Amino acid sequence: MSIVPDPREGMTALQRAILWALRVSPKKAPSLAEKRILVVLIAGMGDLTLAVPAIRAIRQSTPSGGLDLLTSEKGRRAAEGCPYIDTIESVDLNPSPEQGVHPSADMGKFLPLLRKVHRRYDIAINLMGLYSPQGAVRMGLFLRFLGVSTIAGRNTLGTGTFYHCAITEDLAVPRNERDTHLDLVRHLGADNGAGAELETWPTADDERSAESLHNNLHGQGPVIVLNPGTVRQEKTGQRSDF
């Protein structure tokens with residue numbers, strides 16, 4: 001049983017037609033060396049942390065190339081200080097969803113970003129899966145409008161028609177996101193022994209805040225920290241696309 005939504009469920013005829021129109025022919029993964037690469041990960045801080053091993057592997061595969069990240073505002077905070085990324089672009093989608101407001105209302109936020117990054121990269125790599133018909137369409141349109149020669153990602157149940165290079169994601173067996181990210185970048189040739197260890201880069205303010213919280217705890221023994229926050233539909237029961 002899948003723990004994430006099937007992007008084909010509820011897909012309209014228009015959405016199918018758009019994905020059909022966005023389709024491209026698969027091609028062999030190009031070398032990442034000396035390429036200008038945009039990693040797309042429009043997700044939260046936890047998702048960004050799980051993507052660090054894949055980003056690190058890409059960096060090792062193109063030490064002299066360009067490696068930029070497009071993420072959310074929350075993802076930007078987790079990525080700041082990352083030594084593997086040259087620049088970070090961010091877009092804030094649905095920061096506080098309102099009742100009755102369709103998620104597509106935020107697509108206008110991409111227009112200034114598209115003008116900025118259009119034809120700037122050789123390869124765009126979307127690390128996230130496609131878990132809704134609307135999300136698949138929006139991501140496909142955005143990636144195709146980037147004007148890059150190679151688009152790579154996770155072809156979730158056949159909805160990634162716009163990927164030139166992709167791994168198949170059938171959702172039949174739940175997988176750790178970190179491992180799926182690594183599968184994708186290995187498919188692209190980024191496997192130089194970078195390892196699968198997670199990394200974070202807390203600021204001095206983060207360290208002081210954590211120390212203050214720790215000093216005010218009662219009792220003895222190890223400290224376990226839980227972060228249950230999420231905007232993922234499959235975790236909250238609320239709809240959140242792309």
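This is a predicted model: local features need pLDDT of at least 70, side-chain atom pairs count only at pLDDT 80 or more; totals for chains, interfaces and linings use all residues.
Local features are described where pLDDT is at least 70, side-chain atom pairs count only at pLDDT 80 or more, and totals for chains, interfaces and linings use all residues. Residues are numbered from 1 along each chain as its sequence is written, and side-chain values use heavy atoms, with hydrogens and water left out. Helices (H or I, at least four residues) and strands (E, at least two) are DSSP runs, numbered from the N terminus.

**Strand β1 and its partners**

- Strand β1 covers residues 36-41, and five of its six residues are buried, where buried means under 20% relative accessible area, exposed means over 50%, and partly exposed lies in between (1.4 Å probe, protein chains only).
- β1 runs parallel to strand β2 (residues 66-71), and six bridges join them; two strands pair if DSSP finds at least two bridges between them.

**Helix α5, an enclosed helix**

- Helix α5 (residues 133-145) has 13 residues, which at 1.5 Å a residue should span 18 Å; its end C-alpha atoms are 18 Å apart, so the two values agree. The expected span is 1.5 Å times one less than the number of residues.
- Ten of the 13 residues of α5 are buried, so the rest of the structure largely encloses this helix.
- Among the buried residues of α5 are P133, G135, V137, M139 and F142.
- The cover over the buried residues of α5 includes α1 (13-21), β1, β2, α4 (110-117), β4 and β5 (150-156), with contact meaning heavy atoms within 4.5 Å.
- Just after α5 comes G147, which takes a positive phi of about 75°.

**Salt bridges**

- The whole structure holds 15 salt bridges, each one a side-chain nitrogen of Lys or Arg within 4 Å of a carboxyl oxygen of Asp or Glu.
- In one of them, the side chains of D86 and R59 meet at 3.2 Å, N to O. D86 sits in the loop between α3 (73-79) and β3 (87-90) and R59 in helix α2, so this pair ties together parts that are 27 residues apart in sequence.
- D86 is partly exposed, at 45% relative accessibility, whereas R59 is buried, with a relative accessible area of 11%.
- E169 and R154 form another salt bridge, with their closest N and O atoms 2.6 Å apart. This pair links distant parts of the chain, 15 residues apart: E169 belongs to strand β6 (residues 165-169) and R154 to strand β5.
- E169 is buried at a relative accessible area of 10%, and R154 is buried at 0%.
- R178 and D179 also form a salt bridge, the closest N and O atoms being 3.2 Å apart. R178 counts as partly exposed at 25% relative accessibility, and D179 counts as partly exposed at 23%.
- Finally, salt bridges link R175, D183, R186 and D191 in a network.
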